[in-house]
Amino acid sequence: NVQMVESGGGSVQAGGSLRLSCEVSGFRYDAYCMGWFRQVPGKEREGVAALAKVHSTRSTIYADSVKGRFTVAQDNDESILYLEMNSLKPEDTAMYYCAAEAGMDACSGRWWEYVQYWGQGTQVTVSS
């Protein structure tokens, strides 16, 4: 039974920082994609950042809109996924979800559109 529980959202001013956390349980695979997508009401999901694991190799991918500002990481036990967000902008305002999908190519393409598991989300609001 996979569970993903996000926390760490809140309201900040532009230029500020937040760190989101996602507690992951019941998800143990040698290859997977685990990441964050965001969504604003009435708009499509946007993939923000993801971490791809294939056996002992890890790589990260980022949306162009957040490169250099956001960092995705996980703890050594692979039970917590983080999203460090710096230099926040009003356009970063959204509900943020952590998500996961098993498989060697799980982070390919528009991974956020076909992930099998995701949490309930945490709201991030950035004011100007």
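Analyst: F37 stands opposite Y97, which is in β9. Strands here are DSSP runs of E of at least two residues, numbered from the N terminus, and two strands pair if DSSP finds at least two bridges between them.

User: Before more of that, what kind of model is this, and what limits apply?

Analyst: This is a predicted model: local features need pLDDT of at least 70, side-chain atom pairs count only at pLDDT 80 or more, and totals for chains, interfaces and linings use all residues. Residues are numbered from 1 along each chain as its sequence is written, and side-chain values use heavy atoms, with hydrogens and water left out.

User: Ok, back to F37 and Y97. How are the rings of that aromatic pair arranged?

Analyst: The rings of F37 and Y97 are stacked, at 5.1 Å centre to centre and with 15 degrees between the planes. Rings of Phe, Tyr and Trp (its six-membered ring) pair if their centres lie within 6.5 Å; planes under 30 degrees apart count as stacked, over 60 as edge-to-face and the rest as tilted.

User: Are F37 and Y97 buried or exposed?

Analyst: F37 is buried, at a relative accessible area of 1%. Y97 counts as buried too, at 17%. Buried means under 20% relative accessible area, exposed over 50%, and partly exposed in between, with a 1.4 Å probe and protein chains only.

User: How many aromatic pairs are there in the structure?

Analyst: The structure holds 5 aromatic pairs. Elsewhere, ring pairs link F27, Y29, Y32 and Y117 into a cluster.

User: What about β4 itself, what does it pair with?

Analyst: β4 runs antiparallel to β9, joined by 8 bridges. β4 also pairs with β5 in the antiparallel sense, over 8 bridges. On the β5 side, the bridge partner of A31 is V54. The hairpin of β4 and β5 has 6 residues between the strands, and in it G42 takes a positive phi near 85 degrees.

User: And how many residues of β4 are buried?

Analyst: Of the 9 residues of β4, 8 are buried, so the strand is largely enclosed by the rest of the structure.

User: Switching topic. How many disulfides turn up?

Analyst: A search of the whole structure finds 2 disulfides, a disulfide being a pair of cysteine sulfur atoms within 2.5 Å. With the bonded cysteines of the protein chain numbered in sequence order, the pairing is 1-3, 2-4.

User: Take C22 first. Which cysteine does it bond to?

Analyst: C22 forms a disulfide with C98, the sulfur atoms 2.0 Å apart. C22 lies in strand β3 (residues 18-25) and C98 in strand β9 (residues 94-102), so the bond ties together parts that are 76 residues apart in sequence. The torsion about the S-S bond of C22 and C98 is about 50 degrees, so this disulfide is right-handed. C22 is buried at 0% relative accessibility, and C98 is buried with a relative accessible area of 0%.

User: And C33, what is it joined to?

Analyst: C33 is joined to C107 by a disulfide, S to S 2.0 Å. C33 sits in strand β4 (residues 31-39) and C107 in the loop between β9 and β10 (117-118), 74 residues apart.

User: Why is the C33 and C107 disulfide called right-handed?

Analyst: The torsion about its S-S bond is about 85 degrees, so the disulfide is right-handed. C33 is buried, with a relative accessible area of 1%, and C107 counts as buried at 13%.

User: What stands opposite C22 in β8?

Analyst: L81 stands opposite C22. β3 and β8 run antiparallel, with 6 bridges between them. They belong to an open sheet of 4 strands in the order β1-β3-β8-β7, with antiparallel pairing. Its edge strands are β1 (3-7) and β7, each pairing on one side only.
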